Amino acid sequence: MACDSKQVEAREPQEEIEENIQTQNKEKKVMSSSLVLQKAPAFKMDAYDSKTGHYTNVSSEDYEGKWHVVCFYPADFTFVCPTEIAAMNAKYDEFQELGVEILAVSTDTKFSHKRFVETEPLLKGLKLTIGADPTGATARAFGVMIEEEGIALRGRFLINPEGVCVAQEVQAPMVGRNVHEFLRQVRAWKHASETGEVCPAGWVPGKKTLPVNTDVEQMTGRVGDYITIDEIMS
């Protein structure tokens, strides 16, 4: 009986290990780093309002009921970052015409943001608000924090008026993003949301959409009857 008891005791830890591995594997299968179709994280932080030249506070509550962009960049006083910020600023009025608010965010302080905007020639006339996330809490919530460096990846999140993230782009720091393509996506998302139609690859206003809201049965397996590859690529 003593021998039987030892055998039972020897099996239990192994069974626990196997159960833990199975549980971990299941969790890995359902985990996702994407925020798309999820409620965007809530946040609150200090900020620098470049338009007024004053410090302020921003929170996710400020953007409720609005289309908005939360755009992370690695750091002030770097090299690619001011080119991206300046490019977004160059299209600021077009975003405003679409009813889209823009919040830039890095892990620098509001004091750093102020000096960065005041000294970098590319940022002359900046209109954007820049959020200060020195603890990395917001970058971490959005899944773009590089923990070992204390900075954020280049992460851009488009959030609809219901607070749901509908598009995200995340990439490493070495290469800047394309504001023209992002603005195109914003226009497509707004059109799709307002009409119920869907937008094919590369869609811009004036081009064909796909009326799945009215012709879904006829379109199934016959998209090429509605649009050609030449029209898509033009």
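This passage walks through the fold of one protein chain, from its overall make-up to a few individual residues.

The structure is a predicted model, in which local features need pLDDT of at least 70, side-chain atom pairs count only at pLDDT 80 or more, and totals for chains, interfaces and linings use all residues. Residues are numbered from 1 along each chain as its sequence is written, and side-chain values use heavy atoms, with hydrogens and water left out.

The protein chain has eight helices and nine strands; both are DSSP runs numbered from the N terminus, helices being H or I with at least four residues and strands E with at least two. Of the 234 residues in the chain, 38% are buried, where buried means under 20% relative accessible area, exposed over 50%, and partly exposed in between, using a 1.4 Å probe and protein chains only. The chain exposes about 13600 Å², and carbon and sulfur atoms supply 54% of that area, as computed by the Shrake-Rupley method with a 1.4 Å probe. Taking contacts (heavy atoms within 4.5 Å) between residues at least 6 apart in sequence, 64% join residues at least 24 apart.

Next comes the sheet. Seven strands form an open sheet with mixed pairing, in the order S2-S1-S5-S4-S3-S8-S9; two strands pair if DSSP finds at least two bridges between them. Strand S2 (54–59) and strand S9 (165–171) stand at the edges with a single partner strand each, so one side of each has no neighbour in the sheet. From one strand to the next, the twist averages 25°. Strand S3 (residues 67–72) and strand S8 (residues 154–159) run antiparallel and are joined by four bridges; Val-70 has Phe-157 of S8 as its bridge partner.

Helix H4 (residues 110–119) packs on this sheet, touching S1 (44–49), S2, S4 (100–106) and S5 (129–132), and its direction makes about 25° with that of S1. Such angles run from 0 to 180 degrees between N-to-C directions, with axes fitted to C-alpha atoms, for helices over the stretch in contact. Within H4, Lys-110, Ser-112, His-113, Phe-116 and Val-117 are buried. Seen down the helix axis, the buried residues of H4 fall within an arc of 155°, so they line one face of the helix; the arc is that of the directions from the axis to the C-beta atoms. Their cover includes S1, S2, H2, S4 and S5.

A nonpolar core is a set of buried Ala, Val, Leu, Ile, Met, Phe, Trp, Tyr and Cys residues joined through side-chain atoms within 4.5 Å. The largest one has 28 residues, of which Phe-95 and Leu-158 touch the most other members. S3, helix H2 (80–90), helix H3 (92–97), S4, H4, S9 and helix H6 (179–195) each supply at least two residues of this core. Leaving aside residues up to four places away in sequence, Leu-158 touches several residues, including Trp-67, Val-166, Phe-182 and Trp-189. A second, separate core of 19 residues includes Met-45, Val-70, Val-144 and Met-145.

A few single residues complete the picture. Most residues other than glycine have a negative phi. Leu-37, however, has a positive phi of about 70°; Leu-37 sits in the loop between helix H1 (2–30) and S1 and is exposed, at 70% relative accessible area. Phe-77 also has a positive phi, of about 60°. Phe-77 lies in the loop between S3 and H2 and is partly exposed, at 44% relative accessibility. Lys-190, in helix H6, is buried at 14% relative accessibility, and its contacts beyond four places in sequence are Trp-67, Leu-98, Gly-99 and Val-100.
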